[in-house]
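This report describes selected local features of one model. The sequence and the structure are shown first, and the description follows.

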Amino acid sequence: MMRTFLLQKIFIAISIFSMKYFFGFCALILTNFLFCSCATFDEVGGEIVLFESGKDGYNTFRIPAICEGENGAIFAFAEGRKESAKDWGNIDIVMRRSFDGGKTWDALQVVAQDSNTCGNPQPVYCKNTAELILIYSWNLAKDSERNIILKRSLDTRRVFVIKSKDYGKTWTSPKELTDIAKPKEATWFASGPGGAIVIESGAYKGRIIAPFNTVFSPDNSFRVACLYSDDNAETWKRGEFINAYDVNESQIAQLDNDTLLIGMRSQKFGQKHQEDIVRENPFRKVAMSKDGGATWGEAFYDNELIDPVCEGALEAFFDGSAQRIICSSNASHPSKRENLTLKFARAKDYEMWLKNLCPQNDSKRWFYEIIINKNRSAYSDMALLKDNSLALLYETGNNTVRYEKIIFLKVKPKLKSH
């Protein structure tokens, strides 16, 4: 009798315990569904290796850049490094083209080469003139970045622009912009890479704006500003430098009709050439412009954009409820180039955060993320396609080949309206 009674008690206890955890599990699932997931059934696919190191006569491919033309055309650019993975030497700018939204691609073609370093591709498509525009940087093959910065080089770093009226099949002769873009006290110069846009609305509609970075002598501080054109890339002006001395590669997105956002790689100035200087924070920096990129407000760290000192990308698009969304792409790790992640913020919320001087305890601005590659992944660029999906072009590798491939894929997050 006693044994039966004890067994009944045990059975009741197990039942209560099981029901408790069953309902707890259901509550957890429901909570995640209602509050934690701001996207459902993200479409991530169409992955294609566009550039692979060791092929097409190149040792390494690096520095991806991408933009969209019209009628489903997509243009993917990279540096083709002939002899090694170094940032200097015999480096060409190469491209591949798709005319069906990224399903198939033409063979690799060379866009810029002269046995020196042609790099940092920064493409943008101008609808007004139906021209594909490419800004890029140049230096002698023998001149390393370090020697250029320390004024030990044979020549200096220069910037050029070329155009194509036939979707990249043929190009104009290079036009040099060095005297316009590069201050006399600057040593290094680097376009983008990627990140040039045409402002789509507002007082500066139609303006082409292209961010770049320089290194100033004698303190070797890294500074960022923009080139811009109001006549379809015929003439260019240089905007004012952002008031930050530790910022490098950058990209731009439009927050609203009158506001631009710039996202920048951050590093303690001199960090690349003075090993005893440690970077202040493992975060990207951001700033806002209200005059089409001619001037910029204060630069702030965004402590939700963790970064290992690496390039990152920005893109803007509208969700299903006509809200403008900002997407950030970067290697989300404090010290390693891995874990490539897309993060999404509502433009109006992000602008409000900037206007409030960026309180670091506000964690609501980036409301959703998609991890693209948990392993080795570094530079990336994005373009908005006609179907409102994001074309992503990014570097990936392995323990043997650090920069093995540049991959194209399409991402279409199913963001919920709020």
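Accessibility is classed by relative accessible area: buried means under 20%, exposed over 50%, and partly exposed in between, with a 1.4 Å probe and protein chains only. By this scale lysine 364 is exposed, because its relative accessibility is 70%. The model is predicted, and local features need pLDDT of at least 70, side-chain atom pairs count only at pLDDT 80 or more, and totals for chains, interfaces and linings use all residues. Residues are numbered from 1 along each chain as its sequence is written, and side-chain values use heavy atoms, with hydrogens and water left out.

Helices (H or I, at least four residues) and strands (E, at least two) are DSSP runs numbered from the N terminus. Lysine 364 lies in the loop that links helix 4 (347-355) with strand 22 (366-384). Between lysine 364 and tyrosine 350 the C-alpha to C-alpha distance is 9.0 Å, at a sequence separation of 14 residues.

Strand 7 (residues 131-139) is mostly covered, with nine of its nine residues buried. Glu131, Ile133, Ile135, Ser137 and Asn139 point one way from strand 7, while Leu132, Leu134, Tyr136 and Trp138 point the other way.

Two strands pair if DSSP finds at least two bridges between them.

| Partner of strand 7 | Sense | Bridges |
|---|---|---|
| Strand 6 (residues 117-126) | antiparallel | eight bridges |
| Strand 8 (residues 158-164) | antiparallel | seven bridges |

Asparagine 139 in strand 7 stands opposite threonine 117, and tryptophan 138 stands opposite arginine 158 in strand 8. The hairpin of strand 6 and strand 7 has four residues between the strands, and there alanine 130 takes a positive phi near 55°.
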